[in-house]
Amino acid sequence: MNEIRLGTIGSGVIVQSILDGVQITEGISLEAVYSRTEEKGRELADKYGVQKVYTQLEEMLSDEEINFVYVASPNNLHYGQAKAALLHGKNVICEKPMCPRMEQVEELMALAQEKRLMLVDATPTAFFPNLGIVREKLPEIGRIRLVMSSYSQYSSRYDKLLAGEVSNVFSPDFAGGCLQDINYYNVYLNVTLFGKPQRAVYYPNMCRTGVDTSGIAILQYPDFVSECAGAKDTWGENCVQIQGEKGYLYIEGGANGMTNIRLCTREGESSFNLQDYSDRWLCEVKNMTELLLREDCGTIRKGLEVTRNVIGVMEEMRREAGIIFPDAL
Ligand SMILES: NC(=O)c1ccc[n+]([C@@H]2O[C@H](COP(=O)([O-])OP(=O)(O)OC[C@H]3O[C@@H](n4cnc5c(N)ncnc54)[C@H](OP(=O)(O)O)[C@@H]3O)[C@@H](O)[C@H]2O)c1
């Protein structure tokens with residue numbers, strides 16, 4: 001593939017973070033934006049110097065100049081929009097969490113394969129070079145016994161919730177909640193490093209809308225236990241600590257940052273950092289663009305298997321915790 005020409009869905013902050021990266025990355029460009037309103041779409045298009053604004057998704061999906069659709073809408077819409085894009089012959093980059101249900105991810109994976117299209121999960125963690133360091137250094141800490149992940153990001157939308165306004169991210173109708181939004185990164189890192197746990201339970205702090213604003217997940221692996229704390233109603237230091245019998249790995253910045261990796265063993269301590277971009281989304285855009293231009297289907301497929309398992313684990317935890325979403329569109 002020579003060039004990625006994007007059509008975007010959604011005009012939230014994440015779209016702009018990604019498009020800031022697109023502007024300074026070779027091989028990827030913005031072709032058109034879709035918004036429910038002409039005004040918001042035009043504002044986004046003007047900011048990134050493109051002409052085309054669609055207010056009908058079907059029309060954007062029929063635009064032959066676009067070969068990739070970037071889905072960055074509320075969580076409950078990803079499945080339907082990604083499916084529509086694939087059916088129109090477009091490759092898809094989908095924001096996390098890809099779908100509320102595992103069977104929906106499986107359906108998208110099968111459709112992409114049938115149509116010989118690329119479907120990629122936009123979880124930044126997968127594109128961090130420091131993830132490779134963690135994988136490489138894990139054997140040095142010996143048999144893993146404990147994993148502790150903490151990711152807290154106080155949200156302005158939590159203030160709104162306290163004031164009586166329900167944003168999509170705190171609504172079950174939009175497949176919202178903290179597990180879906182923030183603790184997702186911790187679960188993703190665990191599943192990408194250690195595979196699917198044998199059992200997963202979630203202890204949420206619930207709010208009146210029927211979703212969680214923070215909580216702790218416990219993932220039980222055959223030989224160790226992993227605890228994942230996530231919050232949209234507190235803030236703190238984001239980090240991951242993987243403890244083994246011979247030492248530990250400390251991931252600064254947490255699962256969605258991985259800004260520095262420390263390895264501590266009885267022999268001493270060392271620090272590693274391969275990430276030359278301080279901006280996590282620029283890092284993601286650069287590395288994802290390379291992957292897509294290479295059409296590295298094996299890596300993309302492996303990534304989707306992780307996504308599928310993450311969504312399965314999340315679904316299991318939500319079910320037991322009583323966090324119920326109406327069917328996604
Ligand atoms: N990878 C990351 O680090 C990262 C960071 C943040 C968010 N995300 C993910 O990105 C996605 C979007 O997050 P967000 O916070 O931007 O969500 P959001 O503000 O709730 O919605 C995103 C966009 O979707 C459109 N939209 C809003 N409500 C809608 C509705 N009822 N029906 C149809 N479209 C609607 C809006 O665009 P228009 O008004 O232009 O139609 C809006 O800008 C989520 O899945 C989130 O998990 C990822």
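Predicted model: local features only at pLDDT ≥ 70, side-chain atom pairs only at ≥ 80, totals over all residues.
**First stop: α4 and α5.** Select residues 78-87, which form helix α4, and residues 102-115, which form helix α5. The axes of these two helices come within 10 Å and cross at roughly 10 degrees. Angles under 35 degrees count as roughly parallel, and α4 is therefore roughly parallel to α5. Next, display the side chains at the contact: Tyr79, Ala82, Lys83, Leu86 and Leu87 on α4 meet Gln104, Glu107, Leu108, Leu111, Ala112 and Lys115 on α5. Coloured by class, this contact shows seven nonpolar, one polar and three charged residues.

**Second stop: α6 and α8.** Move to helix α6, residues 129-137, and helix α8, residues 178-194. Here the axes come within 11 Å, with a crossing angle of roughly 50 degrees. The two helices are therefore oblique to each other, and their crossing is right-handed. To see the contact, select Leu131, Val134 and Arg135 of α6 together with Leu189, Thr192 and Leu193 of α8. By class, four of the residues in the contact of α6 with α8 are nonpolar, one is polar and one is charged.

Select residues 297-321, the 25 residues of helix α10. A distance drawn from the first C-alpha of α10 to its last reaches 36 Å, close to the 36 Å expected at 1.5 Å a residue.

How values were computed: Residues numbered from 1 in each chain as written. Heavy atoms only, no water. Axes fitted to C-alpha atoms, helices over the stretch in contact; angles between N-to-C directions. Helix = DSSP H or I, 4+ residues; strand = E, 2+ residues; numbered from the N terminus. Parallel < 35°, antiparallel > 145°, perpendicular 65-115°, else oblique. Left-handed = near helix turned anticlockwise from the far one by under 90°. Contact = heavy atoms within 4.5 Å. Nonpolar A, V, L, I, M, F, W, Y, C, P; charged D, E, K, R; others polar. Expected span 1.5 Å × (residues − 1).
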